[in-house]
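Please look through the sequence and the model below before reading on.

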Amino acid sequence: MTNYDVGRRRLLKAFGLTAAAGPLAMSKADAVLGASLGYDEKTGVSPSDYRPPTDLARSSDAKSAAITWIEANAAEVTKLSDDVWGYAELSLREWKSSLATAALLRKYGFSIRWGAGGFPAAFVATFGQGGPVLGFNAEYDALPGLSQVAGKGTHDPLVYNYDAYGPTYGPGHGDAHNLLGSGSTAAAIAVSQAIRRYGLKATVKVFGTTGEEQLVGKPYLVKAGVYDGLDAFLDWHPFNNTLAFWNTTSALTSATFTFVGAAGHGANPLGNKSGLDGALLMATMSEYLREKNVAASGRFHYAIINGGGAPNVTPDLCSIWYFVREGSPARVKVLYDKIVECAKAAAQASQTRLEHKFHSATWNTLGNKAGAELMNDNMRQIGPPLFTAADQELARTLQRSVGKPADGLPTGLIPLAPPAPAFGGGISTDTADVSWRTPVLTALVTTFPAGLPNHNWTVTAAAASPIGHSGMLSAARYLAAAAIDLIEQPDRLAAIKEEFSGRTAAVRWESLIPEGQQPPAYEPPQDFLTATGQTWPPPAVQWPVPEVVSTETLGGTGPALPPVS
C-alpha cells in the first residue's frame, strides 16, 4: 500500500466513508471535499504518477517587458516594502501602509477607489479596460509582538516597551506582508506597462486588503461583491521555500468571549466575580475537547486580551479571543459550536455575564490545478530567487538562533505536486473566500530560511533584508509572467475557468458572515480620511460601538451569622 493510499483511507475515515468510496460518495459526505480531493480523483489526478506539464508558459515581448520593468524598478519596489516594514501597522489600522501602496499605483496610472467594502484602509486600484479582468492581492498588516531589527540574526526587538511588571515587544512583519503587498503591486504595475506598450486588451485590478492577519478583510469584501467580475486572481505568500500549489487550507471562525463580573479587592475576594476566572475556565474546558472532539484536521487556539491590571484588583472584565479551524465550513461549525458551549458553562461556573462576539469566518481554499500548472511553468522558466553568500550566512544565523538546523536558504524550486490525500489541518487565509468566486493562482516564494515558521521574529528580520527583497522581486516576476500568459493565451484562461466551474458545480458558496454583521473597526486619523477623501463612519458601521460595561452585583456567601461569644 502506498503513502497515498494510506492518506486517502485516513481522510475517508474522518468523513465516515470506506476506503472504496469514490468521488461521488466524497461529494455527498461533504461537497467541499468533493470540490478538492474528489475532483482531482474524478479527473484522474494521482500523486503517484503526476508529472506537471512544461509547455504552458510562452515567451513574448510583453512578458519580457513586464519582467524588465520589475528589474529596472527594483529599488522603488524595495523602498515601498521597507517603508511598509517600518510602519509595522496592525490589522485594520494600516493607514500609512495603504497610502504608500496606493501612491505607487497612482504614479503609474492606476485609479484608486478607497473604502472598499466599508473598510477605510482597503482600496481597489484599476488600470485598463476590456479584455480579461485580472486581480492582484496586496496585503500590508503586521503582527503584534514580532518587532525585530532588520537583518539581525539574533533576537533584538526594534521596539521594546518597558514595563516594570510586564514588558512587551512592538508589532513587526512576522508574516512578511510588507513583501507580499509590494511584490503584488510591482507585478500589477509591470503588467500595466506591458499592456500600454503593446496595446493589449486587459483590465488589471489591485485589491489593497486590510486585516488579513485577523482573517477579516476579504470575507466581508467578498460578501459585499468587491471581487465580482474577475476572470482570475493572482496571489503569492512569503514562505521558507518556493513552489506553486493547488492545496486547500483550513476554514476558520474568529470570535471573542468577554466575561463580565464585579470588581473588588484581591485580599478580600468573597463576593467578587472575576472575568479572568471566566476566561480561564473556558480555556481549561476547551482544552478537554482536544482528545475526543477535535479531528486531526481541527485546530483551535486563543489569546487572553485583557486579563486585569494588578493582582489586588479582581478584574470585572476579561476577553479571550479564539480562532477555530477545520477542513470545511460545515466541519468548522461543529467544532465552533462546542467551543461556544464551553464559554456558556464557564460563565455559569464563574457567575459572570458572557458577551459573545463573532468577528469573522472564511472558507477553506479551493485550488485550481490548471492555474497552478501555468504558474509553475513560469516559475520554472524564470528560476528560483538568487541569494548571496551573505544571505546564506544570515539565514544560518537565524536558524541557529531558534534551534533549527543551519541549512541556509533553498536554492531551487519544489516540483509541483497534487495536494496530499489526507488534509491534516493547518493555516487559513482570507483569500479562500475569493477562491470560491473566481479562480486563484498562487505561488509560495522563499523570503526567509528553511525550517522557520511564519509568525516568528526571524521572518521579521529577513523581511527587510536582501533575503526578503530577492524573494519579493522573484514573486513579482512570477505573477507578472503568469498574468501576461492569461492575457495572451485565452485558451489557458478558458481552461482555468472551466476547471473552476467543474469544481464548484456541486457547491453553492455562501458567506459565513451573518447578515447585518458589523466587522471589527477602528476610527482612522483625520489626516488619513482627508488624504483618501473618506468620511467616518462608513454607511454600514455603527459608531461608536456599544460599550460593554459591568453592571453586575457583587455575590454573597449567605445570610449573616451571629457573632460567636
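Which side chain meets that of Arg 353 in a salt bridge? The side chain is that of Glu 552, with 2.1 Å from N to O, where a salt bridge is a side-chain nitrogen of Lys or Arg within 4 Å of a carboxyl oxygen of Asp or Glu. This pair links distant parts of the chain, since Arg 353 lies in strand E12 (residues 353-362) and Glu 552 in the segment after helix H18 (526-532), 199 residues apart. Strands (at least two residues) and helices (H or I, at least four) are DSSP runs, numbered from the N terminus.

The model is predicted, so local features need pLDDT of at least 70 and side-chain atom pairs count only at pLDDT 80 or more, while totals for chains, interfaces and linings use all residues. Residues are numbered from 1 along each chain as its sequence is written, and side-chain values use heavy atoms, with hydrogens and water left out.

A search of the whole structure finds 23 salt bridges. One of them joins Lys 218 and Glu 139 at 2.6 Å, N to O, and this pair links helix H8 (residues 217-223) with strand E3 (residues 133-139), the two residues being 79 residues apart. Both Lys 218 and Glu 139 are buried, and buried means under 20% relative accessible area, exposed over 50%, and partly exposed in between (1.4 Å probe, protein chains only). By contrast, Glu 287, which pairs with Arg 290 at 2.7 Å between the closest N and O atoms, counts as partly exposed at 32% relative accessibility. Asp 40, Glu 499 and Arg 503 are linked in a network of salt bridges.
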